[in-house]
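User: Could you walk me through this model, starting with the pockets and then the packing inside?
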Amino acid sequence: MTPSRAASLWRRLTASLFVMGLVACAQTAPEPPKVEGPKVDPSLARMYAPIRDGDETIPGVDVSKMDPKNVRQVVDYKTGYPAGTIVVDPYSRFLYLVMENGKAMRYGVGVAKAGMEFEGEADISRKAQWPGWVPTQNMIKRDPERYGPLASGLEGGIKNPLGARALYLYQGGKDTLYRIHGTNEPWSIGKSVSSGCIRLLNHDIIDLHRRVPKGSKVVVLGPEESGKGEM
């Protein structure tokens, strides 16, 4: 065998061994671990799926990012108020719709300072779908750059801070300025918030709005009564 032919064979053998080494590496390399996201109850995913409501589309809520206690749910609830009464517990950041047989539908809420400024009983004298909103003079004074351009009001819609629905509380025929409404900031549920009164997820305020007729009683609890009804 000539030297050139031997060199050629050596090169081919070396190349073959190199390729076989690569194949062996490819075959023995471990697969990266699969990272699974949090499991979500399909029924909850459906409950908070996107909604087409009139001319607006309400985005779905990622329930995997929600505290489970803030998801709409039926709970055991002891109270002397009759079924159909709304009980707002701003200190626990829950709203209860009293049901029969010691039960209530519980909603997680976000609570602003205004949500702490009323206590007692009132009636729902007005219900609105996609309500308009006008900032108060105090809001404009506190943050003129943000609220000044909205002094004449903002029409209802997905960008409106009152969300998809609003319930207006009156006492003795007079507006208390206390509102139960939706929000386009789902992250704020269960927290203290900067504006509004009592806010629910848009999906939840639509559910509540559907369940309660005009004239329904609302009870807003004080700090001494907070957390006592739920068992």
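**Pockets and packing**

Analyst: The largest pocket is lined by 35 residues, and those nearest its centre are Ala114, Trp133, Thr136, Met139 and Gly196. A pocket here is an open set of points on a 1 Å grid over the protein atoms alone, where a 1.4 Å probe fits, with protein on both sides within 12 Å along at least five of seven lines, and lining residues have an atom within 4 Å of a point. This is a predicted model, in which local features need pLDDT of at least 70 and side-chain atom pairs count only at pLDDT 80 or more, while totals for chains, interfaces and linings use all residues. Residues are numbered from 1 along each chain as its sequence is written, and side-chain values use heavy atoms, with hydrogens and water left out.

User: What volume does the largest pocket have, and which element gives the largest share of its lining?

Analyst: Its volume is about 980 Å³, counted as the space filled by probe spheres set on the points. Strand 10 gives the largest share of the lining, six residues, and strands here are DSSP runs of E with at least two residues, whereas helices are runs of H or I with at least four. Helix 3 (137-142) and helix 4 (144-147) each supply at least two residues as well.

User: Switching to the inside, which residues touch the most other members of the largest nonpolar core?

Analyst: Among the 22 residues of that core, they are Ile86, Val88, Leu95, Ile180, Ile198, Leu200 and Leu208. Such a core joins buried Ala, Val, Leu, Ile, Met, Phe, Trp, Tyr and Cys residues through side-chain atoms within 4.5 Å, and buried means under 20% relative accessible area with a 1.4 Å probe, protein chains only. A second, separate core of nine residues includes Tyr77, Tyr96, Val98 and Leu221.

User: How many aromatic pairs are there?

Analyst: The whole structure has four, where rings of Phe, Tyr and Trp (its six-membered ring) pair if their centres lie within 6.5 Å, and planes under 30 degrees apart count as stacked, over 60 as edge-to-face and the rest as tilted. Tyr77 and Tyr96 form a stacked pair, 4.3 Å centre to centre with 20 degrees between the planes, and both residues are buried.

User: Why is the pair of Phe118 and Tyr178 tilted?

Analyst: The planes of Phe118 and Tyr178 stand at 50 degrees, with ring centres 5.5 Å apart, so the pair is tilted. Phe118 lies in the loop between strand 7 (110-112) and strand 8, and Tyr178 in strand 10, 60 residues apart.

How values were computed:
Buried means under 20% relative accessible area, exposed over 50%, partly exposed in between (1.4 Å probe, protein chains only).
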